[in-house]
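Open the model in your viewer and keep the sequence panel beside it. This tour moves from one selection to the next.

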Amino acid sequence: MLNTHGGHSMFILSAYILKRVPMKKNERPLMFSIKYEKPVEGKNFAIALTKEMESQNLSKDDTTAWLKKMQEIFPDFSPSDILNFVALADKGYFVLNDTVLDHEFDQKFTQAFIDVWLSDKVVLSNYNRNY
């Protein structure tokens, strides 16, 4: 389901909302904000995100390592929690509410995360056709 508010697109994806501002391809820095609408186990969110990344035909070694790291750093999310992902040119990191989570991901992970939401190749990105 897609809502538009104040020039921003919001994607309601079962338990969370992704807010995205208009951007140019490969623009950095970039920040994705996910607001949780109901409790979500961090480990389950990491699994769902990794499955989407795996659909990009990435290295199994990479996706396995990313899953392990996300499951280590993601707590269980509560309603109104906001998980941000900050994508820089050479790395990316997560911020939960006002706390930076303790891991920086490399450029390969950062691009894979962006592609989950924006690429033509990934299921979740299909929500972007309507913005």
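Select Asp-62 and Lys-108. Their side chains meet in a salt bridge, 2.9 Å from N to O. A salt bridge here is a side-chain nitrogen of Lys or Arg within 4 Å of a carboxyl oxygen of Asp or Glu. The pair links distant parts of the chain: Asp-62 sits in helix H2 (residues 60–73), Lys-108 in helix H3 (residues 107–118), and 46 residues separate the two. Lys-108 is partly exposed, at 44% relative accessibility. The cut-offs are under 20% relative accessible area for buried and over 50% for exposed, with partly exposed in between (1.4 Å probe, protein chains only).

A note on the model before you move on: it is predicted, so local features need pLDDT of at least 70, side-chain atom pairs count only at pLDDT 80 or more, and totals for chains, interfaces and linings use all residues. Residues are numbered from 1 along each chain as its sequence is written, and side-chain values use heavy atoms, with hydrogens and water left out.

Next, stay in helix H2 and select Lys-69 and Glu-72. Their closest N and O atoms are 2.8 Å apart, in another salt bridge. Both residues lie in helix H2, 3 residues apart, about one turn of the helix. How accessible is Lys-69? Lys-69 is partly exposed at 25%; Glu-72 is partly exposed too, at 48%.

Now select Lys-60 and Glu-54. These form a salt bridge, with 3.2 Å between the closest N and O atoms. Lys-60 is exposed, with a relative accessible area of 54%. Glu-54 counts as partly exposed at 32%. Side chains of opposite charge can pair when their charged atoms come close. By the rule given above, the salt bridges number 4.

Zoom out and colour by secondary structure. The protein chain has 3 helices and 7 strands. Helices (H or I, at least four residues) and strands (E, at least two) are DSSP runs, numbered from the N terminus. Trace the order along the sequence: β-β-β-β-α-α-β-β-β-α.

Among contacts in the protein chain with a separation of 6 or more, 49% join residues 24 or more positions apart.

Finish with the surface. The protein chain exposes about 7400 Å², and carbon and sulfur atoms supply 50% of that area. Accessible areas come from the Shrake-Rupley method with a 1.4 Å probe; for residues, only the protein chains shown count as cover. Of the 131 residues in the protein chain, 40% are buried.

Notes
Contact means heavy atoms within 4.5 Å.
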